[in-house]
Structure formats: structure tokens, C-alpha cells
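Subject: Structure handover

Hello,

Here is the structure for you to look over.

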Amino acid sequence: MDKLLIRGGRALHGEVLVSGAKNAALPELCAALLTADPVTLLNVPRLQDVSTMLKLIRNMGVAAERADDGTVRIDASALSTPEAPYELVKTMRASVLALGPLLARFGEATVSLPGGCAIGSRPVDQHIKGMAAMGAEIVVEHGYMIAKLPTGWTRLKGARITTDMVTVTGTENFLMAAALAEGETVLENAAQEPEISDLAEMLIAMGAKIEGHGTSRIRIQGVEKLHGCTHRVVADRIEAGTFLCAVAATGGDVVLRHGRADHLDAVIDKLREAGADVQAVEGGIRVQSAGGATLKAQGFRTTEYPGFPTDMQAQFMALDCVAQGTATVTETIFENRFMHVNELLRLGAKIQVDGKVAVIEGVGTAGRLSGATVMATDLRASASLVIAGLVATGETVVDRIYHLDRGYDCMEAKLRGIGADIERIR
Ligand SMILES: CC(=O)N[C@H]1[C@@H](OP(=O)(O)OP(=O)(O)OC[C@H]2O[C@@H](n3ccc(=O)[nH]c3=O)[C@H](O)[C@@H]2O)O[C@H](CO)[C@@H](O)[C@@H]1O
Ligand SMILES: C=C(OP(=O)(O)O)C(=O)O
């Protein structure tokens, strides 16, 4: 099993290229199932989750080719098996995104309930509720969602869908299903994440009629058929945010090429309040910092976009650990997303957790984290341990980095490129 070996204490300088977003690429690979025409996606990141999604759609009979430059060509004209089996979905939540497109184009889908997840229980009741509102008959049997259209129906029917909470993949599933449904669908309480807008833009390029994406009410007029398109995956705001925290914590001066500052307002505001200098520059974001010990720890609450993203909570917490002062962090989206805390404690961090609230006392100028062997428990927890390791004295070994590989494109190579002492060991 691969591990990362980090020798901390180096400032970071130079440029990093931000990859395409995992959370846009995954729904967009599924959106390609909505048409029999070829679809080309550009800027697809090299991630384990992307490989898993390609395996999943190939298993359905779809032709999918990935080139080294991040181009993925998908031809779903011969899709013969509208199924997502457990074996292929157990490592990746996003596989639930196959449900909407399969049901919309083929009138049937059998999709395994995704496996359990370290960060919370993550039910799919809202996905089922929305598809049922569009007329699908869905049962959950033997761990599978088995969905079909009622006898005599050829398409889903547009509906008003108001979800109990804001759900990102739920909104994406409804968008894709509604694009081919009969009549109008209105999504209330829709997620507003940039990845939703990116998916909507791709669907519009395929001939879908969508208005209001990027707001909490999205209107979709269903069309009978969608055609192929070429679409460029939006830059990964969470990868960019992770590098911003890393540079702020270690100190240095780095430009994140293709980074979108306008997608990271909440995180950038907190970094500035902490004392880092973060600026939108042409074609990217520049961060300059004198390092964690000079920064002031910042509290925040995770919320849906445009609030502070839950996917940045662990990384910002690592920064708080090395800053000065005390900060309170509240996780409101997932019930078990403080798995990194015990590992950060092993590096000498001072954190107390009570339910969904963590209080971090930064070690600041009074001390430093000290390297140790730590275990990655989920994707962003892994990233927070890498950031802590980059600042800690001595050697840090981050074990179980297959979590990291699920969602970061060559993280250690990118960090090495800006001066970090980090290597992958087997
Ligand atoms: C592939 C992808 O895009 N993943 C992102 C997506 O996950 P994902 O789309 O799975 O997360 P959701 O937005 O759906 O989850 C938000 C909350 O709603 C709950 N919920 C959701 C659906 C449902 O049917 N029932 C239910 O109770 C979840 O348990 C969670 O507490 O958004 C999360 C929240 O920004 C991010 O952390 C993930 O990186
Ligand atoms: C939780 C995440 O992803 P997923 O929904 O794919 O598990 C994440 O990207 O931080």
C-alpha cells in the first residue's frame, strides 16, 4: 500500500497547475450516457474516481477512451446494460449519478446503493424521492435501487422537486433526468455549487433547456433527444483551496494556474482574515504567506455553496493547528467528518471535539507540530495530514493514501514542483 513520506519545514514557491474538478468530471461522465452521439470531455483529472467511473460505464457497454492530455471520448451508442453493480460502486459515492441518465434514456436502471463512507451515512432517499416524483417506480432490494418507468410510459415526466436538504449529487441526478423528461421540471432548494453550473452548461451544449443553474431554483424544459458535445471540465476549487491552505501554512509565494478565485470566496476571505495575502491574478490565484506561526487561527461553519465548503474543513483545520490563537470549527454537512482530528493530535495539534464542533488551539510561535506516522481515513482528511506534515518538524508518513488518490491529481508531484520534500513510498 502506498504511503507519503514528508520532511516538513520548507516554504513553497512557484506555480501549480490546478486540474479539472473531480466533482464536475464524475457527473459529466454520467451525462455522456444521455446520448447515443460521441461526447468529448477535456481537462478530465487523473484520479482513481475517474478510473472507477470509466470502468463502471464501460461495464455497461459504453466505449470510453482516455488520452494522456486529459481528453476523454465517450460513445454510449451501444450501451446495453443499464446497471451499476456493487463491486464497481463500493469505493465511490458518485456512482449514484448513473441513476438519472440511465432512467431518462433507457426507462430502467439498476444501481447499487453506494457503500458506507467514513464521513457519514450519506443516504440516497432524496434521489429516490425526486425520481419517483418524475414518475419512476423504484424499489430498493438486495442493496440495489431498481427503477423503471410505469407500463406504457416512454419518458419520465417533469415535476416540481423540493428536496428536504440541499444535495449536490441529488440536484445533478435530477438535472440529467429532467433534461430528457416530458415537460417542465422545477428544482427548488437546488444546490448552487460551481460543479452544478458546469454540468448544466454541458447539458445545454448537448441541447438541454435549462435556466437558473447557479441559483436555488432551476427550471428544465425536457427535450426528446440530446446530442453530443465537447465540454471542458471546470477547475477544481477544492484542489486549489487545498494548495492555498498548504502555502499559507508553510509560507511562500505560489500561483495556482487555472484556479478560480470566484469559486472560493468563503475560503479566501478566511485566509485573508488569517493574514495570508491571496489575490486573483490573470489566469489564476496567487497566495503569499509568512507561514502558519504568523497567522491567526480562524473559525468557520461549513455550509452549502457559496458558504465554507465541507470539503475544505479538514485542510483549513490543519492551518488553524499551526496558527496563533483559538478557533471554533463547526461541521454542519456530514455527521462524522472529524476523522483527521485524532491523526492531527498525533502530530502534536491541540484540538477538542464535542459533537459537530471542534476547538483548535493553534501551536503558533510557541511550538511546532512534530512529524509522526499518521493514517489517512478519507479524502480530505488525507489532504489535511499532508498539510500538517509539510509544516511539522522531522518526518511524517501518511499511510493509506489511496483515499488521496481518489481525488487529487498527482498531489505529491505538484507539491514537489513548488519545493516540498515529499515522496511516495511503497
Ligand atoms: C461527487 C460529489 O459531488 N461529492 C460531493 C457532494 O456529495 P453528495 O452529493 O453525496 O452530498 P450531498 O450534497 O448530497 O449531501 C448533503 C447532505 O445531505 C444528506 N443527504 C443527501 C442526499 C440524500 O438523498 N439524503 C441525505 O440525507 C447527506 O447525508 C449530507 O448530510 O457534495 C458534498 C457536500 O458538498 C461534498 O462533500 C462531496 O464532495
Ligand atoms: C466527500 C468527497 O467526495 P465524494 O462525495 O466523492 O465522497 C470529497 O470530494 O471531499
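Below is what turned up, starting with the overall build and ending with the backbone.

This is a predicted model, in which local features need pLDDT of at least 70, side-chain atom pairs count only at pLDDT 80 or more, and totals for chains, interfaces and linings use all residues. Residues are numbered from 1 along each chain as its sequence is written, while chains are lettered from A and ligands numbered from 1 in the order in which they are written.

**Overall build**

The protein has 14 helices and 24 strands. Both are DSSP runs, numbered from the N terminus: helices are H or I with at least four residues, strands are E with at least two. The radius of gyration is 22 Å, close to the 22 Å that the globule rule gives for 426 residues, so the protein is as compact as a globular protein of that length. That radius is taken over C-alpha atoms, and the globule rule is 2.2 Å times the number of residues to the power 0.38. Along the principal axes, the C-alpha atoms fill a box of roughly 70 × 45 × 40 Å.

Of the 426 residues, 53% are buried. Buried means that 20 or more other C-beta atoms lie within 10 Å of the residue's own; exposed means 12 or fewer, and partly exposed is in between, with C-beta atoms placed from the backbone. Among contacts with a separation of 6 or more, 73% join residues 24 or more positions apart. A contact needs two C-beta atoms, placed from the backbone, within 7 Å.

**Two domains**

The protein is divided into domain 1 (3-15 + 236-425) and domain 2 (23-232). These bounds come from an automatic or database domain assignment. Taken over C-alpha atoms, the domain centres are 31 Å apart. In the contact between them, 19 residues of domain 1 meet 13 residues of domain 2. On the domain 1 side, helix α13 (residues 402-407) gives the most, with four residues. That side has six nonpolar, four polar and nine charged residues. Here Ala, Val, Leu, Ile, Met, Phe, Trp, Tyr, Cys and Pro count as nonpolar, Asp, Glu, Lys and Arg as charged, and the others, Gly among them, as polar.

**The ligands**

Ligand 1 is surrounded by 20 residues, the closest being N23, Q126, T167, V168 and T169. A residue is near a molecule if its C-beta atom, placed from the backbone, lies within 6 Å of it. Helices α1 (22-31), α5 (125-133) and α6 (168-179) each supply at least two residues of this shell. By class, the shell has eight nonpolar, eight polar and four charged residues.

Around ligand 2 are N23, R93, A94, I119, D311, L379, R380 and G407. They divide into three nonpolar, two polar and three charged. Ligand 2 lies between the domains, because both give residues to its shell.

N23 is listed for ligand 1 and again for ligand 2. It is also among the buried residues of α1. In that helix, ten of ten residues are buried.

**C117**

What does UniProt say about C117? The unreviewed entry gives "active site" at C117. UniProt positions are in the numbering used here, feature names are shortened, and annotations may be inferred rather than shown by experiment.

C117 is in the loop between β7 (108-112) and α5. It counts as partly exposed because it has 14 C-beta neighbours inside 10 Å. Beyond its neighbours within four places in sequence, C117 is in contact with R93 and R122. R93 is also one of the residues around ligand 2.

**L347**

L347 is in the loop between α11 (339-346) and β20 (350-354). Is L347 buried or exposed? With 25 C-beta neighbours inside 10 Å, L347 counts as buried. Leaving out residues up to four places away, L347 touches L369, S370, A372, V374, A388, A392 and T396.

**Backbone points**

Most residues other than glycine have a negative phi, and most peptide bonds are trans. The bond from Y305 to P306 is cis, with omega near 10°. N189 has a positive phi, near 65°. R400 also has a positive phi, near 60°. R400 sits in the loop between β23 (395-399) and α13.

Best wishes
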